[in-house]
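The following note sets out numbered points on the structure shown below. It is intended to be read beside the sequence and the coordinates.

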Amino acid sequence: MGEQPLFSMKAHVFQIDPDTKRNWIPASKHAVTVSFFYDAGRSVYRIISVGGTKAIINSTITPNMTFTKTSQKFGQWADSRANTVYGLGFATEQQLQQFSEQFKDFKEAARLVRDKSQEKFELLSPGLNISAPQLSQALSMDRQSPPLLGVNGSSEDKLFRSKSADMEQSMEKEQMRKMLSEGSICERNSEAELFSLRDSNAKLVAALQDANSSIEHWKTQLAEYQEETDRLREQVADLEAQSGVSASTETGNEELTQSVAEMEALIKAKDEEIKTLRGKKPDFGELEKEREEAIQRMQDLEVKNSELEKRVQAVESDLASSQDARNRAEIAMQKVIETLDVKIFDLSDLRQNLAKLLDN
């Protein structure tokens with residue numbers, strides 16, 4: 001009948017870098033549809049996603065697979081048959097939780113399919129009283145519909161389990177189990193490869209940690225060498241300074257003698273300036289008097305300024321009161337004008353009435 005879609009959801013698809021086994025490589029530029037399918041022909045569950053014209057996910061679900069949520073919106077699972085690790089990024093945490101639950105349900109369904117296939121192989125034993133048409137009919141019914149997950153199981157599960165319980169003592173059952181174990185050699189080899197890859201990854205991580213510790217040790221030694229180099233440079237500078245002192249002693253004495261002579265000349269010049277200032281001492285008294293007079297004049301001006309400010313305030317208050325009086329007068333004048341208008345209207349009306357009386 002072909003594959004039947006069971007569940008779909010939008011997500012960003014990633015694949016692990018085959019070289020580093022650590023970095024993620026985007027398999028799609030935007031969110032694509034990721035769907036769970038049931039292949040009735042092979043009785044397997046698969047996760048399929050198509051980007052453009054190619055399939056970016058084609059993973060068959062096995063009972064050994066585990067979907068791991070690595071963050072609030074990201075999850076991953078390893079596919080040993082495809083030799084890769086798939087990663088899905090969802091828009092919300094609820095979508096990730098829903099996908100994880102569906103993965104667990106279909107994983108359990110895959111486990112039931114495997115158990116049923118084992119039990120059906122056991123039914124092929126000659127010790128069973130089941131006819132070939134009945135067995136083929138049961139196989140065709142199982143392929144057409146995916147197994148239902150329940151607590152007690154379906155009626156077919158109960159039938160197969162009861163018959164398998166009757167066969168526990170038969171030697172042919174053991175032979176069939178050996179055949180099944182031999183049939184799953186490929187899957188075991190894939191799991192062994194996955195375990196070896198994990199072991200190699202752990203070894204690489206340990207080697208990286210050792211390299212990091214060695215780098216830290218080298219950094220410490222480099223810092224110590226730099227400190228030792230700085231200390232040696234300081235010693236060399238001190239030695240050069242000491243050797244330079246003995247060489248420049250004579251020149252220093254000459255410079256000191258010249259500096260003393262310059263200081264003596266400067267002292268003489270300062271003494272002359274002091275004498276000149278002492279001779280001008282009376283002039284300072286006159287300047288002090290002029291300063292006091294200027295202060296007095298400034299105080300007088302401040303008093304006059306305050307008086308002028310008071311006058312200005314009084315004039316402003318008078319102006320405000322006159323403005324109020326003018327406003328009141330204008331209001332009264334307006335009322336008088338309105339009254340005169342009414343009177344004039346009345347007189348005009350009276351004149352018209354008198355004129356009508358005269359005409360009559």
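**Notes on the predicted model**

1. The side chains of E288 and R291 form a salt bridge, with an N to O distance of 3.3 Å. This is a predicted model, and the distance of 3.3 Å is therefore computed from predicted side-chain positions. Both E288 and R291 belong to helix 7 (residues 281–359), where they stand three residues apart, or about one turn of the helix. E288 has a relative accessible area of 38% and so is partly exposed. R291 is likewise partly exposed, because its relative accessible area is 49%, and exposed would require over 50%.

2. R326 and E330 are four residues apart in helix 7, so about one helical turn separates them.

3. M333, V336, I337, L340 and I344 make a nonpolar surface patch of about 460 Å². One of these residues, I337, is placed in helix 7. The relative accessibility of I337 is 38%, so I337 counts as partly exposed.

4. How many salt bridges does the structure hold? There are five. Besides those in the points above, one joins E108 to R111, whose closest N and O atoms are 2.3 Å apart. E108 and R111 are both in helix 1 (residues 93–123), three residues apart, which is about one turn of the helix. E108 counts as partly exposed because its relative accessibility is 32%; R111, with a relative accessible area of 29%, is also partly exposed. A network of salt bridges links E108, R111 and D115.

5. A further charged feature is the negative surface patch formed by E224, E227, D230, E234 and D238. Of these residues, D238 lies in helix 5 (residues 185–247). D238 has a relative accessibility of 48% and therefore counts as partly exposed, as the exposed class begins over 50%.

6. Turning to the strands, is strand 3 (residues 32–39) mostly covered or mostly open? Strand 3 is mostly covered, with seven of its eight residues buried. Its pairing with strand 4 (residues 44–51) is antiparallel and runs over six bridges. Within this pairing, F36 has I47 in strand 4 as its bridge partner. Strand 3 and strand 4 make up a hairpin with four residues between them. In the turn of this hairpin, S43 has a positive phi of about 60°.

7. Backbone angles deserve a separate remark. Most residues other than glycine have a negative phi. K21, a residue other than glycine, has a positive phi near 60°. K21 sits in the loop between strand 1 (3–16) and strand 2, and its relative accessibility of 34% is why K21 counts as partly exposed. N83 is a second residue other than glycine with a positive value, its phi being near 55°. The loop that holds N83 runs between strand 7 (74–79) and strand 8 (84–89). N83 counts as partly exposed because its relative accessibility is 47%.

8. Where is P26 placed? P26 is in strand 2 (residues 24–26). With a relative accessible area of 54%, P26 is exposed, because that class covers values over 50%. P26 and V13 are 13 residues apart along the chain, and a distance of 6.2 Å separates their C-alpha atoms.

Definitions and conventions:
Residues numbered from 1 in each chain as written. Predicted model: local features only at pLDDT ≥ 70, side-chain atom pairs only at ≥ 80, totals over all residues. Heavy atoms only, no water. Patch = residues over 30% accessible without salt bridge, like charges linked within 9 Å, V, L, I, M, F, W, Y side chains within 5 Å. Areas by Shrake-Rupley, 256 points an atom, 1.4 Å probe, with all protein chains shown as cover. Salt bridge = Lys/Arg side-chain N within 4 Å of Asp/Glu carboxyl O. Lys, Arg positive; Asp, Glu negative; His and termini not counted. Charge placed at Lys NZ, Arg CZ, Asp CG, Glu CD. Helix = DSSP H or I, 4+ residues; strand = E, 2+ residues; numbered from the N terminus. Buried < 20%, exposed > 50% of the residue type's maximum accessible area, 1.4 Å probe, protein only. Pairing = 2+ DSSP bridges.
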